[in-house]
Amino acid sequence: MNRAFELNTGISNMKDLMASDLGPYDAVYLGNPFCRDYEANFLERLEDLRAGIRHCRGAGRKVYLTTYAAPRNYFLPQIRRAIAVAAEEGVDAVEAHNLGVVRILHAEFPGLAIHIGGFANVYTDTGAAVLRDYGAARVTPNYELSLEEIEGMAENTGLELEILLHGKMPLGISDYCFLLEYEKAWGMKCPDLCQQDLYLRQGEWAMKSVGKGVLSGRDICMLEHLPRLVAAGFRSFRVEAISEDPVYRRDIGQVYQEALEHSLSGAYQILGDWWKRIQGHAKVGLCNGFYFGQSGQLYIGSQLSAGFGETSANSVEPLSRAVSSQLKVIS
Amino acid sequence: MVELLAPAGSIEMVEATVANGANALYVGPKGWSRRRDAYELSDEALREAVRIAHARGVKVRAAVNTHPTSQELPRLLRRMEVWVRDGIDGVILSDVGVMAAVHRTFPDLTIHASIGANILNDEDICFYREIGVRQVVADTKLSLKELRSRREIEVGVEVLIHANKCYTYLGKCWMSPYHRLERGQDESGKDLFKGSPNRGGLDYRVCLEAWSLLRGNHDRWADRVALKNDAFFLLEDVPHLIDMGVHTLKIQGREYAVDLIGRMIKFYRDLIDTYSADPHDFDLGPWNTRLGQIQAQRDLERAKGTLDLFQEAREAVQGCQR
């Protein structure tokens, strides 16, 4: 595929890859960055990784390897092996969330493009510049940055930035899986536990648990704000669906594939069908993360607050008036 | 001799930690550290802290252990110039960009990589060493075995002997601002991010809320699930850490009462000195009892602090600035 933008997503294992329709996507990140015990994680099953890379290539997609977000010393040999396989198979890039892994890639695999993941804590332009010196070709800024800050980073560093467009925003990573404490009570064992679509709820608050990983309960949704993202020059977008099923991946990908094409054509219209498809997968609601400089669980926009989804008592006036006024909605 | 590093959230705490035997202390310049501003020091107070500490041969580090905005970096470097001129001996940083910029601007200033930098493996340490870091704070989840390998690398290692052990890796957690973030600016124009510990605001400890666990939207699997976030003291490990040649033993707690921090410092001063004087005849028994009393006071203070944070986390955000 050769489009003016890249829509990508993450897939943890071969089973998920084979069940996923890659149609809407231009690129795929292979591997689960949260847990070594995740079922048949590409990062641990290197023959699967090899086959997965070939499958994506055969489908005409770019393919990237992601790596563990919080690797200890004893992870490093396996990470090196996985990178070596990825290099042999000619992946388009390797994503590193850990600066030690960045150093390994830079020193030991000089031909491989490096993408810096969201867990790498790139908060500042100077931080991004340091990583550019270590060979970074693309950076996902830390999730806490506002769009204003991200736009400034793009302008000041000249680096390609990847934007989390939709899906579950990572909120944290642990070395401990609390779900294991419930194996006996629930009659279910690892690695099935973390695939049960589990939400931590406390009143109106919600977070999704994937064991060692904590994700936003609400789905980040930037559908309304695509014109701003496109106008700012961003072209690499992620649907964060590592914890979601293939139907989610397909449906959300299709919406954004269409939306990006519309947006780049210069006449952006939100089609009513898009909201319905997004709504069907947003179990807890939608949010904008930190893009507008406020609590990550809030949604800022003109359309959803007028009739779709839910708004929080903490919601403030829409910040995107300039953008919203450019939108024409067909409901 | 291993260095005992103490928190100093006020001038009173500076005096207490110096009097009780700290070798070094760290202070948070107002607006720039990973704590409430109530536990940070103005420039004037920081100068006073340096004066008090240096008079007793105690070093002072400025904790600038947050991720500022990119636009703030020039302002930070100007502030840093003041703190360096006022005599700080080192600086504790989290952000790689800030580290690189500070190292370029103040090449002789010792940079300590904060626990917020989340340094987990030897390659990580080498990375930070290459950008100018001289000492790293070990993550609280690392084992003694993992810490041992650090000896092979030319870098100082700092181990927390009193701190919180979060469910998540510290520095890689956005649970608190996801639920409540309040942006603002202080009187000097410094950006503030209340609710975001990585960006210098307080942490609402939402991980400790009594969460219910549901499959999908309705299938309730468990109640009162807490994502563990325990405060700890190291005791049995301290002799091993000293034997390993760890450079610094660090106590967190700028937010605790001055007398409690004073007791902690005195406890560890005595422990380090006693063990170092006669490692072969060292008996942990009495130390356990003494630490138990300190721990009881700490637990009370922490429980109250957590409840206050829960309440504050539910408050509506009054204003919002982009």
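# A walk through two chains

Let us start with charge: in chain B, the mean positions of the 44 positive and 47 negative charges lie 4 Å apart. Here Lys and Arg count as positive and Asp and Glu as negative, while His and the chain ends are not counted; each charge is placed at NZ of Lys, CZ of Arg, CG of Asp or CD of Glu.

A word on the ground rules. This is a predicted model, in which local features need pLDDT of at least 70 and side-chain atom pairs count only at pLDDT 80 or more, whereas totals for chains, interfaces and linings use all residues. Residues are numbered from 1 along each chain as its sequence is written, chains are lettered from A and ligands numbered from 1 in the order in which they are written, and side-chain values use heavy atoms, leaving out hydrogens and water.

Now look at how chain B is built. You will find 10 helices and 14 strands in chain B, where helices (H or I, at least four residues) and strands (E, at least two) are DSSP runs numbered from the N terminus. The radius of gyration of chain B is 20 Å, close to the 20 Å that the globule rule gives for 322 residues, so chain B is as compact as a globular protein of that length. This radius is taken over C-alpha atoms, and the globule rule is 2.2 Å times the number of residues to the power 0.38. Of the 322 residues in chain B, 64% are buried, meaning under 20% relative accessible area with a 1.4 Å probe, protein chains only.

Chain A has 12 helices and 16 strands. Its radius of gyration is 19 Å, close to the 20 Å from the globule rule for 331 residues, so chain A is as compact as a globular protein of that length. The C-alpha atoms of chain A fill a box of roughly 50 × 50 × 35 Å along the principal axes, and 66% of the 331 residues of chain A are buried.

Finally, see where the chains meet. The contact (heavy atoms within 4.5 Å) takes 78 residues from chain A and 67 residues from chain B. About 6300 Å² is buried between chain A and chain B, with carbon and sulfur atoms giving 56% of this area. Buried area is the accessible area (1.4 Å probe) that two parts lose on being put together, summed over both. On the chain A side, Arg72(A), Arg103(A) and Trp205(A) lose the most area to chain B, together 11% of what that side buries.

Definitions and conventions
Buried means under 20% relative accessible area, exposed over 50%, partly exposed in between (1.4 Å probe, protein chains only).
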